[in-house]
Amino acid sequence: MPVVFVHGNPETTAIWDELCKHLGREDVIALSPPGFGAPVPEGFDATSDGYLAWLVAEVEAIDGPIDLVGHDWGGGHVMRLAVSRPDLIRSWIMDIAGCFDPEYVWHDAAQAWQTEGVGEEAVKGMAGAPVEARTAQFEGLGMSPAVAKNVAEAVNEEMAACILTLYRSAAQPAMTELGKDLAKASGKPGLVIIATEDHYTGGEVLARRSAERAGAEVAMLEGLGHWWMCQDPKRGAEMLAGFLSKLS
């Protein structure tokens, strides 16, 4: 029964490496969304809908049932799959539940990416920066040194373009609209992760409200931030293993 991991922006599968070592399982699959550590197929629709279609196709190709784990936008894709295709999974786990609450306000970087002109300049600067500078920036945000270097090396113009299209497809009120269907995810066991120092996803109140609507359990990661799986991979693995051990 595979555990399937999906990462977000700006990331690669490297964010899961240390956590998976502590998880101690061989049936682990890490998927790379197009543009984020993987090539972008010709004609790919890099919107939230396009990534949902991509994830559905990827999961359909895996012998299931599976346990689906998502971080950042990967968590957004996971939640949307849990809502629309619960038949493909045994359980779902994600860490950005607060983003689906009606009161959620996109963080400053997202709002910049969603703004015509401003977003283009922002991602141009990111893609054009030296790898060393990007590595230092990602370390400062909470990635481990090895992960920060791996992600920095993956940043390119394709990723930059996908960032703009994805975030603009989810500008409010789009996320609020998507959140109206959270109750449909309650048919399968779910876990909402709340890292208390994650300042991108709306905070504990909004996350708990979304978890309740989706019928999910809540796991608190006190003192950890957005890249909790890099900051304390052992604790993250223990949390996931504890939830998965209760499933039949």
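**Stop 1: the largest pocket**

Start by selecting Pro10, His107, Ala109, Trp113 and Tyr200: of the 22 residues lining the largest pocket, these lie nearest its centre. A pocket here is an open set of points on a 1 Å grid over the protein atoms alone, with protein on both sides within 12 Å along at least five of seven lines, and a lining residue has an atom within 4 Å of a point. Now colour helix 4 (108–113), helix 5 (118–128) and helix 6, the elements that each give two or more residues to this lining. Helices (H or I, at least four residues) and strands (E, at least two) are DSSP runs, numbered from the N terminus. The pocket's volume is about 370 Å³, meaning the space filled by probe spheres set on the grid points, which are joined across faces, edges and corners. Its lining has 16 nonpolar, five polar and one charged residues. For these classes, Ala, Val, Leu, Ile, Met, Phe, Trp, Tyr, Cys and Pro count as nonpolar, Asp, Glu, Lys and Arg as charged, and the others, Gly among them, as polar.

Keep in mind that you're looking at a predicted model, where local features need pLDDT of at least 70 and side-chain atom pairs count only at pLDDT 80 or more, while totals for chains, interfaces and linings use all residues. Residues are numbered from 1 along each chain as its sequence is written, and side-chain values use heavy atoms, leaving out hydrogens and water.

**Stop 2: the cavity**

Next, select His7, Gly8, Asn9, Pro33, Phe36, Trp73, His77 and Leu166, which line the largest cavity. A cavity is a set of grid points where a 1.4 Å probe fits but cannot get out. The whole structure has one cavity of 30 Å³ or more, and the largest holds about 30 Å³ of space. Four nonpolar and four polar residues line this cavity, with no charged ones.

**Stop 3: helix 7**

Move to residues 145–154. Which residues of helix 7 are buried? They are Val147, Ala148, Val151, Ala152 and Ala154. Viewed down the axis, these buried residues fall within an arc of 160°, so they line one face of helix 7; the arc is that of the directions from the helix axis to the C-beta atoms. Buried means under 20% relative accessible area, exposed over 50%, and partly exposed in between (1.4 Å probe, protein chains only). On the other side of helix 7, you'll find Pro145 and Ala146 exposed. Show helix 6 (131–141), helix 8 (157–169) and helix 11 (228–231) too, as they are among what covers the buried residues of helix 7.

**Stop 4: helix 10**

Select residues 203–213 and pick out Leu206, Ala207, Ser210 and Ala211, the buried residues of helix 10. They span an arc of only 140° around the axis, which puts them on the same side of helix 10. They pack against strand 5 and strand 6 (217–221), where contact means heavy atoms within 4.5 Å. Turned away from that buried side are the exposed Val205 and Glu212. After helix 10 comes glycine 215, with a positive phi near 65°.
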